[in-house]
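Please look through the model shown here before reading on. The paragraphs that follow lead from a single contact to the chain as a whole.

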Amino acid sequence: MIFETWYYEVVSIDGDYAHLKRTDEETEELKLVARALLPPEIREGSRLKYEMLQYEIVG
């Protein structure tokens with residue numbers, strides 16, 4: 001099984017959910033993700049890497 005790596009930026013946080021924008025490809029769509037799946041220290045503007053079914057904060 002091959003896992004891809006995707007990069008996102010946290011655009012906004014709305015209660016238990018965060019709206020993520022993909023930064024490694026051109027798209028206007030936002031992805032709605034439960035905060036329970038994200039690192040607890042995320043803030044608006046945080047940059048994330050999604051790989052192997054996990055999100056992590058990147059520089």
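The structure is a predicted model, in which local features need pLDDT of at least 70 and side-chain atom pairs count only at pLDDT 80 or more, while totals for chains, interfaces and linings use all residues. Residues are numbered from 1 along each chain as its sequence is written, and side-chain values use heavy atoms, with hydrogens and water left out.

Lys 49 lies in strand β4 (strands are DSSP runs of E with at least two residues, helices are runs of H or I with at least four, and both are numbered from the N terminus). Lys 49 counts as buried because its relative accessible area is 16%, where buried means under 20%, exposed over 50% and partly exposed in between, with a 1.4 Å probe and protein chains only. Leaving aside neighbours within four places in sequence, Lys 49 is in contact (heavy atoms within 4.5 Å) with Thr 5, Trp 6, Tyr 7, Gln 54, Tyr 55, Glu 56 and Val 58.

Tyr 55 also belongs to the largest nonpolar core, whose 10 residues are Tyr 8, Val 10, Ala 18, Leu 20, Val 33, Leu 38, Ile 42, Leu 48, Tyr 50 and Tyr 55. Strands β1, β2 (17–22) and β4 (47–51) each supply at least two residues of this core. A nonpolar core is a set of buried Ala, Val, Leu, Ile, Met, Phe, Trp, Tyr and Cys residues joined through side-chain atoms within 4.5 Å. Val 33, a member of the core, has contacts beyond four places in sequence with Asp 16, Tyr 17, Ala 18, Leu 20, Leu 38 and Tyr 55.

Phe 3 is found in the segment before β1 (5–14), and it counts as partly exposed because its relative accessibility is 36%. Beyond neighbours within four places in sequence, Phe 3 is in contact with Met 52 and Leu 53.

Taken as a whole, the chain has zero helices and five strands. Buried residues make up 25% of its 59 residues. Of the contacts in the chain with a separation of 6 or more, 34% are between residues 24 or more positions apart. The C-alpha atoms fill a box of roughly 35 × 25 × 20 Å, taken along the principal axes.
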